[in-house]
Amino acid sequence: MKTVKKFTRVNAKTVEEAVSALRAANAWAMAGGTDLVGTMRFEILPDTMYPKILVNLKTIAPTLDYIKEEKGMLQIGALTRLEDIAKSSVVKSKWAALSEAAHKTASPHIREMGTLGGNICQLTRCWYFRLHDNRFFCVRKGGKTCFAISGENRYHSIFGGVSACMAVNPSDTAPALVALNAKIVTSKRTINAEEFWAVKIPRSTVLENDEIVKEVQIPGPASGVKSAFVKFALRSSIDFPIVNCAAAIGGGTARICLNAVYNRPYRATKAEESIAGKAIDVASAHAAGAAAVTGAIALAMNKWKIQVAAGMVKKAILACA
Amino acid sequence: MYGLKEGEPLYPWLWPAPEGGMIGKRRVPRVDGYEKASGSAVYTRDIYRPGMLYAKFLRSPHAHAKIKRLDTSKAEALQGVRAVLRYDDPGIQWPKLSGQALVSDTNHWYEGMVGAVVVGESEAIVDRALRLIELEMEELPVILDVEEALKPDAPIMRPDVDPKSNHRPRFGPYFKYGDIEKGFAEADKVIEWKAITEHDVWAGVEAHVGVAECRGDYLDVWHHGQNWLTMMTGLRPYSPLNKIHLYLPYNGAFFGGSSLIASHHTAEVAVIAARRTGCPVKVLDDESHFVGGDEDARSRYYFKVGFKLDGRITAVQLRCYEAWVTETTTNKIYKGTSIPNIYITCDSAAYTKPFDQCFKHGCSTVRVTTQVWEHVAGELGMDPSKIAQINDGVEGHDMAYVNEHVKKPQGFDTARDSCKEVNELGKKIMEWDKKWHLPGTKILPNGKYHGMGYVSTVEWAHTVGTGGMGIRVNADGSVDLLATQCDGGWAGQTAYSQIAADEMGVSFEDIRLRPFEGRDGFVTEPGGGSQGLSGSSLTTVRASRKMKQLILEKVTQPTPLRRTLGNLMPSRPAFFPNKKPEELDMKDSVIFEKAHPENKKTLAQIAGALTYYLFVWDYTMAHTGRGGVEHEYGMVRQAHFVEIEVDPDTGGIEILKQVSVNDGGKVINPDAFNGQQYGGAYMGLSRSTKETLYFDPKTGLALNDNLIGYPVNVMNDVASIDCAIVETGLGYAPYGSCGVGEDGGACNHTIMPTAVYNAIGKYVDSEPVTPDKILKALGKA
């Protein structure tokens with residue numbers, strides 16, 4: 001790991017100032033910095049993409065660090081730290097899936113630094129993309145090849161690729177936001193959570209270069225709806241997910257979202273159809289899990305992840321009982 | 001024998017430990033405790049010298065490649081860069097150790113190998129210069145599997161070494177005992193299977209670093225390593241050894257080969273750079289956590305085992321690739337069982353695996369017994385701990401033979417049975433007899449499989465090692481143990497002080513071990529962490545006894561007239577006139593007359609007058625202190641137990657409970673002993689369930705070579721660990737002690753296949769046992 005290359009820091013005082021600064025070439029927004037600093041120190045990106053200007057969002061006033069419930073809607077500022085979301089009694093009370101997802105993200109140290117906005121905007125963890133010194137110039141960096149397709153792909157997509165990229169989205173909070181039918185408020189627009197993620201070079205969201213997340217809005221749960229988040233990782237207390245799943249079920253409806261199985265959070269609609277309106281028990285949850293992975297396509301090394309995904313859907317559903 | 005008390009038996013293992021003192025006591029302050037707890041401990045990385053430069057490596061960006069062009073001119077021209085040392089610099093003799101080169105000595109590079117060293121005024125300048133180096137390479141074939149490399153049509157990986165073959169015999173290519181064919185003929189059943197290990201790495205906390213400063217011919221070196229003596233030896237080309245001061249500050253995680261090979265190179269490169277620039281240089285090797293792999297990494301084991309239906313094993317045949325199990329001293333299935341016929345072969349190859357580092361040396365040999373107990377028990381539907389007990393013995397002999405021919409003549413207690421004792425205690429703590437079940441037969445109410453795992457082995461080391469210690473009593477009665485550290489671990493250093501306190505009769509608080517001052521020449525056992533204390537305890541006991549004897553002699557004699565710093569010091573009468581040394585004793589730094597304890601002087605009271613006299617030293621060789629015993633036998637055992645749940649939906653393993661029982665022979669510092677057990681259990685279970693370095697199959701590049709991608713256990717990954725101590729006195733070091741330091745990490749590395757087999761009833765003999773392998777075994781992937 002090297003010392004970081006020279007960069008300029010801009011302490012944005014307003015959202016407008018931040019957006020303006022981001023219009024410069026190679027300007028990157030920085031919130032908690034837990035993803036970005038590692039990206040810089042490992043020099044994973046080619047020189048043409050290496051951050052030259054860091055726009056510090058923490059200096060924006062009024063702060064984007066808040067959790068509030070207004071008219072039954074949960075509003076969380078983009079700069080709210082994950083640990084605060086995990087501990088918030090407001091979030092726990094009605095939006096358990098998000099509370100649990102925040103709690104299961106990374107380690108306590110990271111949660112104390114990392115923000116909700118950063119967590120949903122983080123870059124992929126694909127190890128070809130992440131290898132230090134830009135050893136693999138892959139499609140997500142503007143190259144022509146996804147090295148995972150014929151390489152080490154045990155943790156990669158089980159639902160095919162987008163733009164020939166087999167990387168997965170690693171966020172823990174993202175599937176919870178999709179399951180909870182959240183909206184992402186940016187400096188330009190309001191986007192349904194389900195439509196927020198994309199495969200870009202090198203980013204993972206639909207955000208334009210001069211656009212930042214301001215707030216996440218989540219409607220109050222309908223009567224009888226319970227939500228839950230489950231995660232499977234090698235180290236249960238610190239790792240990025242191998243597969244995670246959030247579900248919000250009740251009142252005859254179901255929203256279920258897997259992550260780390262596809263480029264974007266993957267809405268398991270077949271599982272939703274399978275479980276919606278049914279009594280939750282092991283058999284119905286198992287059937288929904290199996291339905292969730294119909295259409296899954298294994299790469300050479302990740303057939304096992306299909307089973308894990310089915311299992312995680314089952315567990316998420318059972319947790320909503 | 002020197003050091004023997006009157007009436008004491010000849011053999012040091014039969015010497016009783018002094019009672020009522022520090023030996024065996026809990027809550028003894030560790031010698032490193034204050035510095036580490038207060039944050040004031042100085043690590044090699046903390047060393048700073050005025051005017052110091054920094055150096056970093058240009059490593060090969062390819063797993064296997066040949067250099068076509070290396071242009072360092074832009075880096076050399078960068079302001080603040082003081083030198084760029086190239087692999088092809090004719091003025092530099094790059095270091096080699098154990099046949100391995102860190103800096104390439106040809107234009108042929110492997111991943112991790114260094115082609116240039118940039119020296120500059122700051123880390124940032126060096127990093128900038130590294131980015132300016134232009135490097136063109138021709139990529140060469142990559143073979144990631146040792147067996148693939150041995151195929152006749154495999155490309156030749158190192159034609160510069162052998163143009164015809166990739167085959168490389170291991171050190172000790174075979175081990176043979178008894179008659180293997182006879183053993184199979186006598187068996188009721190013969191089974192065969194294959195086990196493999198993947199690639200785990202050191203992944204330490206403090207990456208390699210070395211600091212060197214030249215003062216004319218004199219050389220100061222700060223080495224990030226555990227072994228003072230071998231590093232000193234490695235410095236021979238650079239200065240007369242009597243002009244080198246070698247310091248070993250604290251180390252942030254270290255073990256074995258990562259110290260013996262790569263970090264030695266780092267220190268030597270620091271010396272070369274310091275000589276070239278005329279300035280102190282700190283070499284920072286930040287990638288070293290993940291360079292190379294254990295000698296056991298990517299091993300293949302082909303087992304063929306014959307046994308009787310009562311569980312007695314008649315023959316073990318093993319064909320190994322990469323694993324190093326043929327060396328007699330670490331061959332645990334030979335050292336610690338009664339199996340009469342053993343034949344093991346071991347081979348390796350030149351392939352895309354950069355450096356071998358024995359950072360968990362012995363793990364591969366434990367794996368042999370673990371696998372054999374597991375499979376024989378599995379075939380017979382028996383508890384594996386019973387298979388271990390049935391086959392317990394030493395070098396092909398059963399314990400009845402050992403009692404008669406070893407324990408009795410050598411004075412050991414024949415009533416003690418280490419295997420039985422560690423198994424019984426461990427089973428009791430684990431409630432093993434209640435929990436163990438036939439493989440694949442217990443599914444819990446939560447839908448998960450329940451599994452119990454077991455591993456046992458012979459002690460890690462039981463011998464007296466080579467080392468020395470000086471003891472000096474200062475003018476104020478404080479005592480210095482002059483003994484450069486032997487290891488990265490510090491438990492042993494505290495224990496030396498405990499032994500010295502009890503054997504000398506000096507208060508523990510008055511003793512200070514001076515481990516960092518590598519100019520005294522006293523070096524405790526350099527053999528490594530697994531045997532540091534047992535190796536060096538004899539020299540500690542002997543030096544301490546010698547000092548006590550010297551003190552008691554001096555206080556009964558008048559001190560003669562002498563000149564000190566130009567001053568004439570008058571003679572003075574004896575502190576205990578008309579007494580003989582044997583009429584006196586010393587306890588808690590107080591010298592007293594045995595018959596009249598009120599007649600006493602403190603060590604502080606007499607030390608000022610005797611300062612220049614109170615110095616002793618001792619040195620033991622590996623064979624010193626055996627009392628004529630030619631061969632030592634491994635009679636001490638350790639056993640480890642684990643309870644897990646396996647999730648059939650995900651293949652995930654939850655470790656509910658782990659129990660480690662170690663027979664230490666005689667334990668000097670129980671807290672430190674337990675610390676080794678706890679740490680070893682976490683490390684071993686981490687390797688057994690998670691740690692693997694993955695490689696891109698085409699390029700051979702490591703993909704997760706960082707502490708995010710490479711999963712080392714955290715505390716939450718093991719629910720509960722219980723550590724217990726047994727003391728049978730069956731070790732060969734003083735008081736019957738033996739070494740256990742390496743045991744927990746290595747044994748627990750091999751345990752998970754046994755627990756998973758017990759859980760799901762299917763063998764997963766591939767370590768680490770990861771969820772994908774379990775799901776595959778269950779037919780779900």
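How many residues does the contact take from chain A and from chain B? It takes 26 residues from chain A and 29 residues from chain B, two residues being in contact if their C-beta atoms, placed from the backbone, lie within 7 Å. On the side of chain A that touches chain B, α8 (127-130) and α12 (303-319) of chain A are the elements giving two or more residues, and α12(A) gives the most, with seven residues. Helices (H or I, at least four residues) and strands (E, at least two) are DSSP runs, numbered from the N terminus.

The model is predicted: local features need pLDDT of at least 70 and side-chain atom pairs count only at pLDDT 80 or more, while totals for chains, interfaces and linings use all residues. Residues are numbered from 1 along each chain as its sequence is written, with chains lettered from A and ligands numbered from 1 in the order in which they are written.

Turning to chain B, 20 helices and 35 strands are found. The C-alpha atoms of chain B fill a box of roughly 85 × 75 × 50 Å along the principal axes. Among contacts in chain B between residues at least 6 apart in sequence, 80% join residues at least 24 apart.

One open sheet of chain B has three strands in the order β28-β29-β30, with antiparallel pairing; strands pair if DSSP finds at least two bridges between them. β28 (584-587) and β30 (600-602) of chain B stand at the edges, each with a single partner strand, so one side of each lacks a neighbour in the sheet. Four bridges join β28(B) to the antiparallel β29 (residues 590-593) of chain B, and B:L584 stands opposite B:E593 in β29(B).
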